[in-house]
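Notebook open, structure on screen. I'm jotting down what I look up as I go.

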Amino acid sequence: MRILFILSLAICLISFVKRNEIPSNIRLHSGVLQEPSQTPSYKSPFSVKLAERQYKIKPLYNYDLYGLVVSYRHHDGDKMLHKAWGDHINVADVCVVWSKTAQSPWLNKLNFWNR
């Protein structure tokens with residue numbers, strides 16, 4: 001039982017230290033090698049009700065993006081600017097790389113963060 005505990009603790013520590021490393025042998029989807037595209041949207045505005053608040057959404061662009069997510073942050077609508085603006089729709093901030101950046105041998109040397 002003690003060996004199992006020590007082994008579990010070692011695995012936990014190694015996982016924590018390596019949590020931000022991107023595997024060097026990762027096989028990327030071919031779409032990741034392309035630049036994202038942005039085209040005008042002709043969709044009609046629409047409304048959404050969330051957290052007792054009515055939001056009017058006016059789509060401006062359509063996006064086609066394949067990428068490698070390198071950083072992610074979930075937003076709490078009850079904190080900071082999201083609370084001040086009553087913003088409960090924008091729930092996440094995702095940092096994505098593509099094309100040459102996704103293939104860079106220095107990718108693990110870069111730091112990504114969301115604030």
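Before anything else, I need a cut-off: a residue is buried under 20% relative accessible area, exposed over 50%, and partly exposed in between. I'm also keeping in mind that this is a predicted model.

**Entry 1: Leu 9.** I looked up Leu 9 and got a relative accessible area of 42%. That value lies between the two cut-offs, so Leu 9 is partly exposed. Leu 9 sits in helix H1, which covers residues 2-17. I noted a general rule here: an α-helix has 3.6 residues a turn, so residues three or four places apart point the same way.

**Entry 2: all of H1.** How many of the 16 residues of H1 are buried? I found zero, so H1 lies largely in the open. I also checked the length of H1. At 1.5 Å a residue, H1 should span 22 Å, and its end C-alpha atoms are 23 Å apart, which agrees.

**Entry 3: the whole chain.** I went through the elements and got three helices and six strands. From the N terminus on, I read the order as α-β-β-β-β-β-α-β-α. Is the chain more spread out or less spread out than a compact globule? The globule rule gives 13 Å for 115 residues, but the radius of gyration is 20 Å, well over that, so the chain is more spread out than a compact globule. I wrote down the box for the C-alpha atoms too: roughly 60 × 35 × 20 Å along the principal axes. Of the 115 residues, 17% count as buried.

**Entry 4: a hairpin.** Next I followed strand S2 (residues 46-50) and strand S3 (residues 53-57), which pair in the antiparallel sense over five bridges. I picked out Phe 46 and found that its bridge partner in S3 is Ile 57. The hairpin has two residues between the strands, and Ala 51 takes a positive phi near 55 degrees there. I looked up Arg 53 as well, which is found in S3. Arg 53 has a relative accessible area of 40%, so I put it down as partly exposed. I also noted that the C-alpha atoms of Arg 53 and Ile 89 are separated by 10 Å, with the two residues 36 apart along the chain.

**Entry 5: Ser 99.** Another positive phi turned up in my list: Ser 99 has one of about 55 degrees although it is not a glycine. As a reminder to myself, most residues other than glycine have a negative phi. Ser 99 belongs to helix H3 (residues 99-103). Is Ser 99 buried or exposed? Its relative accessible area is 14%, so Ser 99 is buried.

**Entry 6: His 88.** Last stop: His 88 is in the loop between helix H2 (80-85) and strand S6 (92-97). With a relative accessible area of 22%, His 88 is partly exposed. I checked its distance to Asn 114, which is 26 residues away along the chain: their C-alpha atoms are separated by 18 Å.

Note on methods. Residues numbered from 1 in each chain as written. Predicted model: local features only at pLDDT ≥ 70, side-chain atom pairs only at ≥ 80, totals over all residues. Heavy atoms only, no water. Helix = DSSP H or I, 4+ residues; strand = E, 2+ residues; numbered from the N terminus. Buried < 20%, exposed > 50% of the residue type's maximum accessible area, 1.4 Å probe, protein only. Pairing = 2+ DSSP bridges. Expected span 1.5 Å × (residues − 1). Rg over C-alpha atoms; globule rule 2.2 N^0.38 Å.
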